[in-house]
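Thank you for making time this morning.

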Amino acid sequence: MTSQSYSESYAAAGVDITAGYRAVELMKNHVARTRTPGVLSGLGGFGGMFAPDVAGMSKPILVSGTDGVGTKLKLAFALDRHDTVGIDCVAMCVNDIVCVGARPLFFLDYIACGKNVPERIEQIVSGIAEGCVQSGAALIGGETAEMPGFYPEDEYDLAGFAVGMVDEEKMVVGDAAPGDVVLGLSSSGVHSNGFSLVRKVFAQPDSLATIYPELGQSLGEALLTPTKIYVKPVLALAEVVAIKAISHITGGGLFENLPRALPAGLGMRIDTAAIARPPIFDLLAREGNIPARDMYNTFNMGLGMVIVVAPDDVDAALAALAAAGEPATVVGVVTETEGIELEGVQL
């Protein structure tokens, strides 16, 4: 950008456009980490360009997803730590599109802030880049909007948009049948959902610094743990077995998200004892006096993603996921009865 690009009047109104240019310079190395062969453009243009490789595909289908981080950002503000929420932002988008078997191609971010602090923007983008690397997506563009008077100076919002692609004949279409087996992929914690309830439970300003023995770290550190990205293990699994259905467990927990992967009229029976539940959930339930029904209808409760396969494919699926670095366990079965049955939980 040339030295001509400066407006004293705009700066007096609270928008420093030179800070935006500085932020772009700081984020360039992070963006470079995500570059893939399809990227045709660099930072600074009016549109991000990507040339997908459709070789070998009979009918390429584009799959898109968009999401944000939500009120988990309030914890990042309180702890003044901004290098993990970008991972959450990417995860919430790419974990959705891989539910139909799509491979993420590229990602764009949107950061709206009260004051553009270039070093803080760099931290945010470093997390976004890490999420893109974990999912194999290229970060090809984005927007940083400085909006004084709309956001407090020390706060921002973060959202993203991902596009993936899958050959139509390889799409996961949710054709589960009674007797199919439900595999559970563990979550890393609360992920990026239910934080309005989390913040209600831990409302005291100093609560984030509290170290609970069962967590082995401060509450704030445990809650900021980024959302796990499941893209590469799921795509590796798809090369080995036919995946019948996939569900990303987000807001609404098991009761809302599991049925979304099933044909009408079917349900799932889930053995909650088979789920490795991170201790943060028991802590939340205890400290907030939250009943089990509400916990399972708000949080992932240790299941970040579930995958449905045929009974004959279970062993191969478990082996493939383990080889891809994402060990899974059998947590349930598809049933002929509509609805979600949780074994081992008193609702």
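**A walk through the model**

I will begin with a crossover: β2, α5 and β3 form a β-α-β unit that is right-handed, a term that applies if, with the strands pointing away from the viewer, the path from the first strand over the helix to the second runs clockwise. The helices (H or I, at least four residues) and strands (E, at least two) that I name are DSSP runs, numbered from the N terminus.

Before going further, a word of care: this is a predicted model, in which local features need pLDDT of at least 70 and side-chain atom pairs count only at pLDDT 80 or more, while totals for chains, interfaces and linings use all residues. Residues are numbered from 1 along each chain as its sequence is written, and side-chain values use heavy atoms, with hydrogens and water left out.

Let me stay with the strands of that unit. Strand β2 covers residues 103-113, and eight of its eleven residues are buried, so the strand is largely enclosed by the rest of the structure; buried here means under 20% relative accessible area, exposed means over 50%, and partly exposed lies in between, with a 1.4 Å probe and protein chains only. Strands β2 and β3 run parallel and are joined by eight bridges, and Cys113 has Glu146 in β3 as its bridge partner. Pairing is called when DSSP finds at least two bridges between two strands.

Over residues 62-166 the chain is 36% helix and 36% strand, with the end C-alpha atoms 7 Å apart.

Now to helix α2, residues 17-32. Its 16 residues reach 23 Å from the first C-alpha to the last, close to the 22 Å expected at 1.5 Å a residue, where the expected span is 1.5 Å times one less than the number of residues.

Leaving aside neighbours within four places in sequence, Pro118 is in contact with Ala19, Arg22, Ala23 and Leu26, where contact means heavy atoms within 4.5 Å.

Gly86, in helix α4, is buried, with a relative accessible area of 0%. Which residues does Gly86 touch, not counting those up to four places away in sequence? They are Ile124, Gly127, Ile128 and Leu158.

Let me turn to the second annotated stretch. For residues 178-342, UniProt lists "domain: PurM-like C-terminal", again from an unreviewed entry, and over these residues the chain is 31% helix and 23% strand, with 16 Å between the end C-alpha atoms. In helix α8, residues 231-238, the buried residues are Val231, Pro233, Val234, Leu235 and Leu237, and they pack against elements including α4, β2 and α5.

His191 sits in the loop between β5 and α6, yet at 1% relative accessibility His191 counts as buried. Setting aside residues up to four places away in sequence, His191 touches Lys72, Asp88, Pro226, Thr227, Lys228, Tyr230, Asn300 and Gly304.

I will end with two backbone details. Asp80, in the loop between α3 and α4, is not a glycine but has a positive phi of about 50°, and at 57% relative accessibility Asp80 counts as exposed. Met301, in the loop between α11 and β10, has a positive phi near 55°, again in a residue other than glycine, but Met301 counts as buried at 5% relative accessibility.

Note on methods
UniProt positions are given in the numbering used here, feature names are shortened, and annotations may be inferred rather than shown by experiment.
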